[in-house]
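Please keep the sequence and the structure in view while reading.

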Amino acid sequence: MYSLKSLFTILFFPFLLLSISAHRYTHRARAPCKEMVFFFHDIVYNGENYKNATSAIVGAPEWGNRTIMSSPNNFGDMIVFDDPITLDNNLHSPPIGRAQGMYFYDQKDTFSSWLGFSFVFNNTDYKGSLNFAGHDPLMNKTRDISVIGGTGDFFMTRGIATLSTDAFEGSVYFRLRVHVKLYECWKLL
């Protein structure tokens, strides 16, 4: 019927294929090619702070308004921002760029938002922009969002940004610590 060699081949071959295909899909953890930490400071317009505000509610649900966050959990509010970025947590430190974009609160039962924004740099250390997008479950101590590209020094870069709320004062001011870890870096010649 079957020789011992044929039986061995028939039984061993599927295991060989499984081990090769399993090995092909394993990923090794890579170290980031670049890491940076920034802070951005958001001051929401509340009807009285026009000169200092760096963000404003541009969309609100029918029961809300555009100077006070909606209840419950700011659900339905859409905010655009043009916030200063600093290298430390002091609002009055020299800005190295601007965080420009928008976020909206997307859950009724908890504080949660979706972010889409860019860091637009305007200093000698960094040139260009970094682009971010993702879900931000605000009640978590740290949250990861995607770095989805960039320009200039950050041309076509990709990675992760770990956000943590560094400070907040009610619904008018908050400061985010942004730890950027880039895993795909291109160097322009």
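Which residues have the most contacts inside the largest nonpolar core? They are F38, F40, F119, L130, F132 and V180, in a core of 29 residues. A nonpolar core is here a set of buried Ala, Val, Leu, Ile, Met, Phe, Trp, Tyr and Cys residues joined through side-chain atoms within 4.5 Å. Buried means under 20% relative accessible area, exposed over 50%, and partly exposed in between, with a 1.4 Å probe and protein chains only.

The model is predicted, so local features need pLDDT of at least 70 and side-chain atom pairs count only at pLDDT 80 or more, whereas totals for chains, interfaces and linings use all residues. Residues are numbered from 1 along each chain as its sequence is written, and side-chain values use heavy atoms, with hydrogens and water left out.

**Overall fold and core**

Helices (H or I, at least four residues) and strands (E, at least two) are DSSP runs numbered from the N terminus. Of the 189 residues in the protein, 36% are buried.

In soluble globular proteins, nonpolar side chains tend to be buried together.

Contact means heavy atoms within 4.5 Å. Leaving aside residues up to four places away in sequence, F119 touches F38, F40, I85, R98, A99, G128, S129, L130, F132 and V178.

**Aromatic pairs**

The structure holds 18 aromatic pairs, a pair being rings of Phe, Tyr and Trp (its six-membered ring) with centres within 6.5 Å, where planes under 30 degrees apart count as stacked, over 60 as edge-to-face and the rest as tilted.

| Pair | Centre to centre | Angle between planes |
|---|---|---|
| F40 and F117 | 5.5 Å | 55° |
| F117 and F119 | 5.6 Å | 45° |

Because F40 lies in strand β1 and F117 in strand β5, their pair ties together parts that are 77 residues apart in sequence. F40 counts as buried at 2% relative accessibility, as does F117 at 4%, and F119 is buried too. Ring pairs also link a cluster whose members include F38, F81, Y103, Y126, F154 and F174.

Strand β1 also contains F39, which is buried at 9% relative accessibility. The C-alpha atoms of F39 and D83 are separated by 9.8 Å, although the two residues are 44 apart along the chain. Not counting residues up to four places away in sequence, F39 touches several residues, among them P84, I85, D166 and R175.

**Partly exposed methionines**

M78 is found in strand β3 and is partly exposed, with a relative accessible area of 32%. M156, by contrast, lies in the loop between β7 and β8 and is partly exposed at 41%. The phi angle of M156 is near 55°, a positive value in a residue other than glycine. Most residues other than glycine have a negative phi.
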